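Thanks for coming. I will take one structure this morning and go through its strands, then a helix, then the spaces inside.

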Amino acid sequence: MIHLETVTPDNWRLGLQVRDDQHNYVSDSAGILARAYAYRNNRSQVFIIYNDDLPVGMGMYYDLDDFNAYNLSQFFIDQRYQGKGFGYEAVNQILRLMREDGKYDKVVLCYIEGDDAAQKLYEKLGFCHTGEEDGDEIIMELRIR
């Protein structure tokens with residue numbers, strides 16, 4: 001069963017990785033932790049995604065006050081566990097946490113053009129393109145209330 005656990009000193013060095021062809025699309029674990037630190041004043045939250053006791057991925061979000069939204073900034077499933085539905089369930093759980101937090105009514109995210117797997121996942125979850133882009137990043141949003 002998929003569940004999220006906050007990153008701690010005991011679980012941050014798990015060696016989770018994406019496939020080589022995905023490195024241009026998502027940060028590695030160290031990059032996500034650095035970004036979480038940089039956005040610590042924006043209530044950044046970083047999670048290890050577990051399937052029962054097995055770590056299978058990582059995700060991060062923070063407050064994006066300028067957009068009155070949460071920013072689902074980083075998310076990945078380890079290369080060994082992709083294609084098993086873990087990503088869909090993990091993002092649903094992250095969205096649930098945002099709804100429970102209740103600060104904002106929407107979530108924004110960006111994916112890099114060419115990352116077809118991310119695009120399909122986010123569309124399946126109900127995210128819609130805003131029509132905006134930031135360089136090669138395509139912006140999507142989802143109303144959560």
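Strand β2, residues 45-51, is mostly covered, with five of its seven residues buried. Buried here means under 20% relative accessible area, exposed means over 50%, and partly exposed is in between, with a 1.4 Å probe and protein chains only. Strands (E, at least two residues) and helices (H or I, at least four) are DSSP runs, numbered from the N terminus.

Before going on, the basis: this is a predicted model, where local features need pLDDT of at least 70, side-chain atom pairs count only at pLDDT 80 or more, and totals for chains, interfaces and linings use all residues. Residues are numbered from 1 along each chain as its sequence is written, and side-chain values use heavy atoms, with hydrogens and water left out.

Back to β2. Which strands does β2 pair with in the antiparallel sense? One is strand β1, residues 2-6, over five bridges, and another is β3, over seven bridges. Two strands pair if DSSP finds at least two bridges between them. Phe47 in β2 is the bridge partner of Thr6, and Pro55 in β3 is that of Tyr50. The hairpin of β2 and β3 has two residues between the strands, and Asp52 takes a positive phi near 55 degrees there.

Next, β4. Nine of the nine residues of β4 are buried. β4 pairs with β3 in the antiparallel sense over eight bridges, and Ala69 in β4 stands opposite Leu64. These two strands also form a hairpin, with four residues between them, and Asn68 in the turn has a positive phi of about 50 degrees. With β5, β4 pairs in the parallel sense over two bridges; Asn71 stands opposite Val108 in β5. The chain gets from β4 to β5 through α2, in a right-handed β-α-β crossover. Right-handed means that, with the strands pointing away from the viewer, the path from the first strand over the helix to the second runs clockwise.

In the loop between β4 and α2 sits Gly83. Gly83 counts as exposed because its relative accessibility is 84%. Gly83 and Ala117 are 34 residues apart in sequence, and their C-alpha atoms are 9.5 Å apart in space.

Now the helix α3. Where do its buried residues lie? The residues Ala118, Leu121 and Tyr122 are buried in α3. They cover an arc of only 95 degrees around the axis, so they are on the same side of α3. That arc is taken from the directions from the helix axis to the C-beta atoms. Lys120 and Lys124, on the other side of α3, are exposed.

Last, the spaces. The largest pocket holds about 990 Å³. Of the 40 residues lining it, the closest to its centre are Phe75, Tyr111, Asp115, Ala118 and Tyr122. β4 gives the largest share of that lining, seven residues. A pocket is an open set of points on a 1 Å grid over the protein atoms alone, with protein on both sides within 12 Å along at least five of seven lines; a cavity is a set where a 1.4 Å probe fits but cannot get out, and lining residues have an atom within 4 Å of a point. Grid points are joined across faces, edges and corners, and a volume is the space filled by probe spheres set on the points.

How many cavities of 30 Å³ or more does a search of the whole structure find? The search finds one. Its lining includes Leu16, His23 and Phe76.
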